[in-house]
Amino acid sequence: MTAGSVRDLLTRWTLEWIQSVIALDGRRVVDVGCGEGHLAVALSQAGAEVVGVEPSQEAASMARDQGVDVRPVDFLEFDEGPFDVVLFTRSLHHIPEVEKAVQRSADLLAPGGLLLLEEFDVEAVDEATLRWFYDTMYLLRRAGLADEGPEQRIEDLPAAWQEEHHHHHPLHPAKVYLDALSGAYSQVEVSRGPYFFWKYCRHLRPDAEAIGRALFEVEQGLLREKRIVANGVRVIARP
Ligand SMILES: C[S@@+](CC[C@H](N)C(=O)[O-])C[C@H]1O[C@@H](n2cnc3c(N)ncnc32)[C@H](O)[C@@H]1O
């Protein structure tokens, strides 16, 4: 990890949450949909034994190049185990057969193990939240700080949001994956919080970490003041 980069900020944000839930040293962790492997590397550096699962061959090979022990398969075909932690960061909402994936996660857990999920809720937006999100994205782009974002101020906010989340298959909103989790786990602890800063950071210039931090502070403030809707979802689930 490059110290001080925007990517580092995002990796630390997730890693610190995981470490606040469980001490990682010596734990077996499966990182489902590990992508290019940045978090998996950080988890290993924190002492965990990590296996990454990543069906995109390109991303899997980038993860492997970073030293991640990666299986280039769909999670539904993965049957190693047991693990102390099954981790999904922004991957469960992509898996069409969400109930099967959730049941598979529970089957892979060692006694005392837990599922950790970090996601966003595509349905958790309102007009004020989208106005703030897209106006900020527009400003970041115009300032040359982000490589993506609207070229003009967006008028039809719901249409822009829908367009942005239009994939080959619909993304599961939180109620779908939370229902699936409640069906397979006896304890499901859900918290909602910031997430838009994460979306901004994905497009920020790599050296703009200070801006990433400021965006996080602003989002937290707006959430405290109840001016925007919390889009982030974190779950700790126990069988
Ligand atoms: C938005 S990326 C998130 C990557 C990384 N976990 C992160 O938080 O930055 C979603 C990842 O889930 C992976 N994915 C999609 N379907 C999957 C499946 N059926 N099994 C495992 N991973 C899957 C994708 O290939 C992609 O790498």
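A residue is near a molecule if its C-beta atom, placed from the backbone, lies within 6 Å of it. The model shown here is predicted: local features need pLDDT of at least 70, side-chain atom pairs count only at pLDDT 80 or more, and totals for chains, interfaces and linings use all residues. Residues are numbered from 1 along each chain as its sequence is written.

**View 1. The shell around the ligand.** Here 16 residues surround the ligand, and the closest are Gly33, Gly35, Phe75, Thr89 and Ser91. By class, this shell has 7 nonpolar, 6 polar and 3 charged residues (Ala, Val, Leu, Ile, Met, Phe, Trp, Tyr, Cys and Pro count as nonpolar, Asp, Glu, Lys and Arg as charged, and the others, Gly among them, as polar).

**View 2. Val32 and its contacts.** Look for Val32 in strand S1 (residues 28–32); strands are DSSP runs (E, at least two residues), numbered from the N terminus, and helices are such runs of H or I with at least four residues. Val32 counts as buried because it has 23 C-beta neighbours inside 10 Å (buried means 20 or more other C-beta atoms within 10 Å of a residue's own, exposed 12 or fewer, partly exposed in between, with C-beta atoms placed from the backbone). Leaving aside neighbours within four places in sequence, Val32 is in contact with Val53, Phe75, Val86, Leu87, Phe88 and Ser91, where contact means C-beta atoms, placed from the backbone, within 7 Å.

**View 3. Where H5 meets H6.** Glu127, Leu130, Arg131 and Tyr134 in H5 meet Leu157, Ala160 and Trp161 in H6. By class, this contact has 5 nonpolar, no polar and 2 charged residues.

How values were computed:
Two residues are in contact if their C-beta atoms, placed from the backbone, lie within 7 Å.
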